Amino acid sequence: MNVGVLRELEPGERRVAATPESVRQLVGEGLTVTIERGAGEAAGYPDADFVAAGATVVDSIAPGELEVLAHVRPLSVELIGALREGAITVGLASPASSLPAVAALHDARVTAFALELVPRISRAQSMDALTSQALVAGYRCVLEAAMRLPRFFPLFMTAAGTIPPAKVLVLGAGVAGLQAIATAKRLGARVSANDVREASADEVKSMGGTFISLDLGTADASGGYAKELAEDRARRQRELLTPHVSESDIVITTAAIPGRAAPRLITAEMLLGMKPGSVIIDLAAETGGNVEGSVAGEDTAIPLPGGGTITIVGMKDVASTMPFDASRLYAKNVANLISLMTVDGKVEPDFADEIVRGASLTHDGAVTHEPTREALA
Ligand code: NAD
């Protein structure tokens, strides 16, 4: 059976769903792999490396020829319409925000697997693209902050005087937040963090951060996720966070609630107490923003009452800004899910398997993911 990889169509997307390493894995499973010419170029994977790994590189692939399509971004309705019945797709599908595409997958009787839906169980960790891409985002957002901060991160003791380390505050300590803590620590900053999940205090400490306990109680939902705070607790959280925000040089926000808009952790008023030159990085800018006034893909300068400005950075398409390693991890996630479903060189999903069933979005003319089916009804 053949796995095809098209050039990604979304403007600015530099990742690719296969790398030479993942091609070797798929070929080892008895599959063939066809790559559209130049599909890996923006990520740093030349066509020749794919050929050396055992893939065939062609000028273009007609969607109707695809048996299995590995992709990064959610597929367009037009592309889905050109797929043949029974084709298998594996990639990010963003079901909650791409309902027309889900309807098109259903109508085209495509068997679609959404990497966002891979269950977060130990056995599925190697297929968890949310985790692998959040790791990239958590690392990158610290570098973005460091480049904008007019100060050093580490402590410097010099003949001309001692420079104290930068203070970094991380709000939301999931995969991205924990990686941000680790990266800021490596650069020498003093890092503190807050999250509403019970386990997060120990996780923050294990990364070398100081956990800020706000005495709000915990907000754990199923599957290790957080649930939304009621408005009175959310307001209390903002009040209690205000002095921590004021004394920080950098604030990185990564808080998210599955299926909901990002919780508002920082209001415009809270920012006014910060020092001139401080930087706020909002990793949740694309899903509504943790920070009032953040705009995805833009830097916003906020004037302070006493003079000077601070900068809010609304992050967008972060994983795509480090396409080589983001693709390396992503392609491995894709190949591992395809390998799980491959028997004797044929991709044959076994829906009795918890991971296969969990990641399934559409199959055989039905929407198999219940919340998406309900949203479409
Ligand atoms: P996420 O991207 O959904 O959210 C980011 C963080 O925001 C979470 O830690 C969440 O608790 C936090 N948050 C939500 N509301 C907040 C608020 N008001 N204030 C502060 N923080 C707030 O998170 P994620 O990175 O997907 O991780 C979610 C959970 O899944 C974690 O428990 C993580 O350990 C777990 N996980 C498990 C696996 C696995 O077992 N395979 C893989 C990855 C993550």
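How many bridges join S14 to strand S15?

1. Five bridges join S14 to S15 (residues 309-314), and the two strands run antiparallel. Helices (H or I, at least four residues) and strands (E, at least two) are DSSP runs, numbered from the N terminus. The model is predicted: local features need pLDDT of at least 70, side-chain atom pairs count only at pLDDT 80 or more, and totals for chains, interfaces and linings use all residues. Residues are numbered from 1 along each chain as its sequence is written.

2. S14 and S15 belong to an open sheet of seven strands with mixed pairing, in the order S11-S10-S9-S12-S13-S15-S14; two strands pair if DSSP finds at least two bridges between them. Its edge strands, each pairing on one side only, are S11 (210-211) and S14 (299-303). Ala 301 has Thr 311 of S15 as its bridge partner.

3. Helix H5 (residues 129-148) packs on this sheet and touches S12 (250-253), S13 (279-282) and S15. Residues are in contact if their C-beta atoms, placed from the backbone, lie within 7 Å.

4. H5 and H6 pack at an angle of about 40 degrees, with their axes 7 Å apart. Axes are lines fitted to C-alpha atoms, for helices over the stretch in contact, and angles run from 0 to 180 degrees between N-to-C directions. The contact includes Ala 134 and Tyr 139 of H5, and Val 175 and Leu 178 of H6.

5. The ligand is surrounded by 29 residues, a residue being near if its C-beta atom, placed from the backbone, lies within 6 Å. H5 and helix H6 (175-186) are the elements giving two or more residues to this shell.

Key
Contact = placed C-beta atoms within 7 Å.
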